[in-house]
Each structure stands twice: as structure tokens, then as C-alpha cells.
Amino acid sequence: MTEAFASELIPIRTPTDIVTARRAARTLCERLGFGKADQTRLATAVSELTRNVIQYAGEGSCQISDTSDARYRRIRVLVEDHGPGIPDTTLALTDGYSTSGGLGAGLPGTRRLVDDFGIESMPGLTRITIALQKPL
């Protein structure tokens, strides 16, 4: 695997940071040659995850990286916070489940938007990793 040539760490503290993270994801997507639909999918996923950081943990971070290699163009996003954690990640990934009175489409919808989705959560640390990839 070749070394990533782009990585950006964005602190997530205010709604403006959601816009910054969304824009950074879209920009890297475009630079790597992903189409408009993929750019929108990734930007939407990043928006959802960073909005959750502010809503549930107050603050966190979003790292957007080019992890392309000799076979794939790949963007990896790591969203992390040090909030209360998600008590039941399986339940949180179920369509319709919500702790905030919303539609319960956030995490399940995000998982459907991306090619790779991973979540780990405990009190004091929630880490969600998503990725989009296309063959070269």
C-alpha cells in the first residue's frame, strides 16, 4: 500500500465544523476522481456523523484521509468523540431506533451510503470509521 498523500483533521465543536468536514470530504472525493453521486454520499455520511458528535458528545474530531493504494482510490473517514458512548451499537444501527426522537435513520443510513463502516463505542470513546473506494 502506498502512503496516503492527504489527511485532514478537523475538530468538531460547532455546526460550522460540520460544514467544514463535509466540504473537506467532498473536495478530496472530487480530487481523487469520484463522481458527483459518490461525493454527495460521502458528504452526507460525514454530515450525519459529525452532527451526532455535537448532539451527543459536545465535541470530537473528524479525520479525512486518502488511503488509496495501487489497486483502489479510497477515502477513509474517522469520526471520534469522548462522550457517553452508544450503549447498544446493534440497536443504534437498527432502522427506526432513536434516542433523540428523530427518525432513527442516521447511523443505519450512513452505513448504507458507504462501502465500509465500522463502529466501536464505550463510555468515553466512540469511534466510527467509514470509507468509499473505487478500483483504479
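Visitor: Leaving aside neighbours within four places in sequence, with which residues is Cys-62 in contact?
Guide: Contact means heavy atoms within 4.5 Å. In this predicted model, Cys-62 touches Glu-8, Leu-9, Ile-10, Ile-12, Ala-21, Val-46, Thr-50, Val-77, Leu-78 and Val-79. Local features here need pLDDT of at least 70, side-chain atom pairs count only at pLDDT 80 or more, and totals for chains, interfaces and linings use all residues. Numbering runs from 1 along each chain as its sequence is written, and side-chain values use heavy atoms, without hydrogens and water.

Visitor: Which residues of the largest nonpolar core touch the most other members?
Guide: In soluble globular proteins, nonpolar side chains tend to be buried together. A nonpolar core joins buried (under 20% relative accessible area, 1.4 Å probe, protein chains only) Ala, Val, Leu, Ile, Met, Phe, Trp, Tyr and Cys residues through side-chain atoms within 4.5 Å. Here the largest has 28 residues, and Leu-42, Val-46, Cys-62, Ile-64, Ile-75, Val-77 and Ile-130 touch the most other members. Elements giving it two or more residues include α2 (36–57) and β2 (60–66); helices (H or I, at least four residues) and strands (E, at least two) are DSSP runs numbered from the N terminus.

Visitor: What is the strand order of the open sheet?
Guide: Strands of a sheet pair through backbone hydrogen bonds, either parallel or antiparallel; pairing requires at least two DSSP bridges. The five strands run β1-β2-β3-β5-β4, with antiparallel pairing. At the edges lie β1 and β4 (116–122), each pairing on one side only. Six bridges link β1 and β2, and Glu-8 has Ile-64 in β2 as its bridge partner.

Definitions and conventions:
Buried means under 20% relative accessible area, exposed over 50%, partly exposed in between (1.4 Å probe, protein chains only).
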